Amino acid sequence: MSTVQATTISCPHCGRTNRVPVAAEGRPRCGHCKQPLPWVVDAGDDDFTEVAERADIPVVVDLWATWCGPCRMVSPALEQVATELAGRIKLVKVDVDKNPRLSRRFEVQAVPTLLILDKGETVARQAGAAPAPALRQWVEQTITTRER
């Protein structure tokens, strides 16, 4: 499957809007100022492999549900972390109610469930909401350990 879908992302540095493919190699950069862009996309049962598992940078997966209060609280924190770590991670959001195969595959028993994938392999997992600084520390610690 070749995903040609794109999402629009505002550059946190210059404010310009950029179209970023949901699945691509490399790391997205602003077309105007060339700074790294936060890469935040949605994925589902049909395109998760291409969007998340084939990424060549670490992927933070947010398995969430629309009815979940903690999910709504952690989402902005994750987007903040994705912005702070732009160029180092990709944030992929998966609605577990709309994507039951992924929910079963990752054995989601509570939402939000957060995963970190490195080259398609789950290298870290945590359930529940946390503030942005704690999430950033968890992500950085995991990806730094993997880079060694």
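Is R105 buried, exposed or partly exposed? R105 counts as partly exposed, at 43% relative accessibility. Here buried means under 20% relative accessible area, exposed over 50%, and partly exposed in between (1.4 Å probe, protein chains only).

The legends below describe a predicted model, in which local features need pLDDT of at least 70, side-chain atom pairs count only at pLDDT 80 or more, and totals for chains, interfaces and linings use all residues. Residues are numbered from 1 along each chain as its sequence is written, and side-chain values use heavy atoms, with hydrogens and water left out.

**View 1. R105 and E53 form a salt bridge.** The closest N and O atoms of R105 and E53 are 2.1 Å apart. The pair links distant parts of the chain, with R105 in helix 3 and E53 in helix 1, 52 residues apart. Helices (H or I, at least four residues) and strands (E, at least two) are DSSP runs, numbered from the N terminus. A salt bridge is a side-chain nitrogen of Lys or Arg within 4 Å of a carboxyl oxygen of Asp or Glu. A search of the whole structure finds seven salt bridges. E53 counts as buried, at 17% relative accessibility, whereas R105 is partly exposed.

**View 2. D62 and K93 meet through their side chains in a salt bridge.** The N to O distance is 3.3 Å. D62 lies in strand 4 (residues 59-64) and K93 in strand 5 (residues 90-95), so the pair ties together parts that are 31 residues apart in sequence. D62 is buried, with a relative accessible area of 0%. K93 also counts as buried, at 10% relative accessibility.

**View 3. E84, R88, R136 and E140 are linked in a network of salt bridges.** E140 and R136 both lie in helix 4 (residues 132-147). They are four residues apart, about one turn of the helix. E140 is partly exposed, with a relative accessible area of 24%. R136 counts as partly exposed too, at 27% relative accessibility.

**View 4. A search of the whole structure finds one aromatic pair.** F48 and F106 form this pair, which is edge-to-face. The rings are 5.6 Å apart centre to centre, with 65 degrees between the planes. The pair links distant parts of the chain: F48 is in helix 1 (residues 48-53), and F106 is in the loop between helix 3 and strand 6, 58 residues apart. Rings of Phe, Tyr and Trp (its six-membered ring) pair if their centres lie within 6.5 Å; planes under 30 degrees apart count as stacked, over 60 as edge-to-face and the rest as tilted. F48 counts as buried, at 1% relative accessibility. F106 is buried as well, with a relative accessible area of 7%.

**View 5. K90 lies over the face of W39.** The distance from the ring centre is 4.1 Å. A charge sits over a ring if NZ of Lys or CZ of Arg is within 6 Å of the ring centre and within 35 degrees of the ring normal.

**View 6. Zero disulfides are found in a search of the whole structure.** A disulfide is a pair of cysteine sulfur atoms within 2.5 Å. C14 counts as partly exposed, at 33% relative accessibility. For C33, the closest cysteine sulfur is in C11, at 3.6 Å, again too far for a bond. C33 is partly exposed, with a relative accessible area of 24%.

**View 7. A cis peptide bond joins V111 and P112.** Omega is about 0 degrees. P112 is found in the loop between helix 3 (100-105) and strand 6 (113-118).

**View 8. K34 has a positive phi although it is not a glycine.** Its phi is about 70 degrees. K34 is found in the loop between strand 2 (17-21) and strand 3 (39-42).

**View 9. K119 has a positive phi although it is not a glycine.** Here phi is about 55 degrees. K119 lies in the loop between strand 6 and strand 7 (121-127). K119 counts as exposed, at 66% relative accessibility.
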